[in-house]
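Subject: Structure for you to look at

Hello,

I am passing on the structure we spoke about. Please open it first; my notes on what was found follow below.

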Amino acid sequence: QVPIFSTAAIGIPLLERSVDMATLDLVQFVALAWAFELGDALLNDADTCPGAINMTGYGIVQMVATQWDTPGNPAARVDVVDGKVLPHLKGRSYFADTCQGGKYDFQDCVAL
C-alpha cells in the first residue's frame, strides 16, 4: 500500500486513500516523482556548476545550472555524468567558458 498525498498543489485532485503500487496509474506516479524531485529549495551554489563537457568543434564548455526555472519557480538539478548533460525535470543550464558557483554572468556564456 502506498499512501497518496495531496497533489492539489500541482493541479491533480486530492486523493485521500491508499492504493497498491500496481494500481497507481502513470499520471499519479509521475506527479509523485515530480513532487519529490522538485522540492521547494533553490540549488545550492555548488550545484550550479555541475561540470564540463567536450563540445565537438568548440572544446571544453562548463555547464551553468540555473537556480530558477521561471520567476518564483525553483529549477531542479542538472548533472554532468561521463561527459553527458543530464537535466532533471525542470532543470535548466547554459553553456559557458567559466562557471562561478551561485553566480550568473551572461558574458561567460558561449555563443554557439
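Two strands count as paired if DSSP finds at least two bridges between them. In this predicted model, three strands form an open sheet with antiparallel pairing, in the order β3-β4-β9. The edges are taken by β3 (51-55) and β9 (93-96); each has a single partner strand, so one side of each is left without a neighbour in the sheet. Neighbouring strands of the sheet are turned by 35° against each other on average, direction ignored.

Before more detail, here is the overall picture. The protein has 112 residues, of which 29% are buried. Its secondary structure comes to one helix and nine strands, and along the sequence these follow the pattern β-β-α-β-β-β-β-β-β-β. Of the contacts between residues at least 6 apart in sequence, 44% join residues at least 24 apart.

A word on confidence. The average pLDDT of the protein is 78, and 64% of the residues score at least 70. Over residues 14-19 the pLDDT is below 50, and this stretch has 14 contacts in the model beyond near neighbours in sequence. Residues 1-9 also stay under 50, with 19 contacts beyond four places in sequence. Where pLDDT is low, the predicted coordinates should not be read in detail.

Back to the sheet. Five bridges join β3 to β4 (residues 59-65) in the antiparallel sense. Within this pairing, Ile 53 stands opposite Val 61, and Met 55 stands opposite Gly 59. The two strands form a hairpin with three residues between them, and Gly 57 in the turn has a positive phi of about 90°.

Which residues make up the largest nonpolar core? There are five: Ile 53, Val 61, Met 63, Val 80 and Val 110.

Tyr 94 belongs to strand β9, while Tyr 104 lies in the segment after β9, ten residues apart from it. Are these two tyrosines buried, exposed or partly exposed? Tyr 94 is partly exposed, with a relative accessible area of 28%, and Tyr 104 is partly exposed at 49%.

Two residues other than glycine with positive phi values may be worth a look. Asp 82 has a phi near 50° and lies in the loop between β7 (78-81) and β8 (84-87). For Lys 90 the phi is near 75°, and this residue lies in the loop between β8 and β9. Asp 82 is exposed, with a relative accessible area of 74%, whereas Lys 90 has 19% and counts as buried, because the cut-off for buried is under 20%.

Regards

Methods:
Residues numbered from 1 in each chain as written. Predicted model: local features only at pLDDT ≥ 70, side-chain atom pairs only at ≥ 80, totals over all residues. Heavy atoms only, no water. pLDDT = per-residue confidence, 0-100. Contact = heavy atoms within 4.5 Å. Helix = DSSP H or I, 4+ residues; strand = E, 2+ residues; numbered from the N terminus. Axes fitted to C-alpha atoms, helices over the stretch in contact; angles between N-to-C directions. Buried < 20%, exposed > 50% of the residue type's maximum accessible area, 1.4 Å probe, protein only. Core = buried A, V, L, I, M, F, W, Y, C linked by side-chain atoms within 4.5 Å.
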